Amino acid sequence: AARLLRRSEVVQTPTVGVRGAPPKTLLTLLMVDPDAPSPGHPVSKEWLHWAVINLPSPADPWGSSPTVYSPLFPSGTTLMPFAPPTPLLGLHRYVFVLLQQRRVLRGVPQVPSRENFSTAAFIAKRRLILVGMTFHFTPPL
C-alpha cells in the first residue's frame, strides 16, 4: 500500500531496496510525478524527479533482504539528478518505476527537461521491460 510521506521525509535522495529483479541484468530507475503541477490540472505531467540507468541487478534476487542501492548509485549512470518532491497544490503521487534493460545503454543523452516527461515513451524508445513499481503520496506544505 502507498504511504503518505511529508516533505520533510523526502528531501534527501532516497535509498532504494530491490528484491526479485532478474539476475545478471541491468536496470533503470525512474521517479515521476504524474500530478504536476496539481492533481486537478496536471498540465506538466509527468514531472521527472530522478532517472538512473545501467544499475546492476541484485546478485541474489530473492535473498532474505533486498539489495539496497545507495543514493549516489556509484555503479549506475544518472540521467537526471534527484529533485525532491515540492507539491504546491493537492496531494501528489510520486511513482518509482524499475525497468529491466536489454543491454547497456550507451550514449544516452541527458533528459532535456523534467517537465512533460513520458515514462511510456522512454520505455518504448529503449525497449525496456517493467520489473516493478511503487509510489508514495506527499501533501503540499
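Colleague: By class, how many nonpolar, polar and charged residues does the lining of the second largest pocket have?

Modeller: In this predicted model, the second largest pocket has a volume of about 170 Å³. Its lining comprises 13 residues, and V111, P112, F117, F122 and R126 are those nearest its centre. Divided by class, the lining has six nonpolar, four polar and three charged residues.

Colleague: Which residues have the most contacts inside the largest nonpolar core?

Modeller: This core has 15 residues. The residues with the most contacts inside the core are L30, L48, A51, L79, V111, F117 and F122.

Colleague: Which element gives the most to the lining of the largest pocket?

Modeller: The largest pocket holds about 460 Å³ of space, and V16, G17, F96, M133 and T134 are the closest to its centre among the 22 lining residues. Two or more lining residues come from each of β2, β7 and β8. The greatest contribution, six residues, is made by β8.

Colleague: Is H136 buried or exposed?

Modeller: H136 lies in strand β8, which covers residues 129-138. Its relative accessibility is 7%, and the limit for a buried residue is under 20%. Therefore H136 counts as buried.

Colleague: With which side chain does the side chain of H136 make a polar contact?

Modeller: Beyond its neighbours within four places in sequence, H136 is in contact with several residues, including R3, M31, H92 and F96. The polar contact, at 3.2 Å, joins the side chain of H136 to the side chain of T138.

Key: Residues numbered from 1 in each chain as written. Predicted model: local features only at pLDDT ≥ 70, side-chain atom pairs only at ≥ 80, totals over all residues. Heavy atoms only, no water. Helix = DSSP H or I, 4+ residues; strand = E, 2+ residues; numbered from the N terminus. Buried < 20%, exposed > 50% of the residue type's maximum accessible area, 1.4 Å probe, protein only. Polar contact = N/O pair within 3.5 Å; in protein donor to acceptor, adjacent residues only side chain to side chain. Contact = heavy atoms within 4.5 Å. Core = buried A, V, L, I, M, F, W, Y, C linked by side-chain atoms within 4.5 Å. 1 Å grid on protein atoms, 1.4 Å probe; cavity = no way out; pocket = protein on both sides within 12 Å on 5 of 7 lines; lining within 4 Å. Points joined across faces, edges and corners; volume = space filled by probe spheres on them. Nonpolar A, V, L, I, M, F, W, Y, C, P; charged D, E, K, R; others polar.
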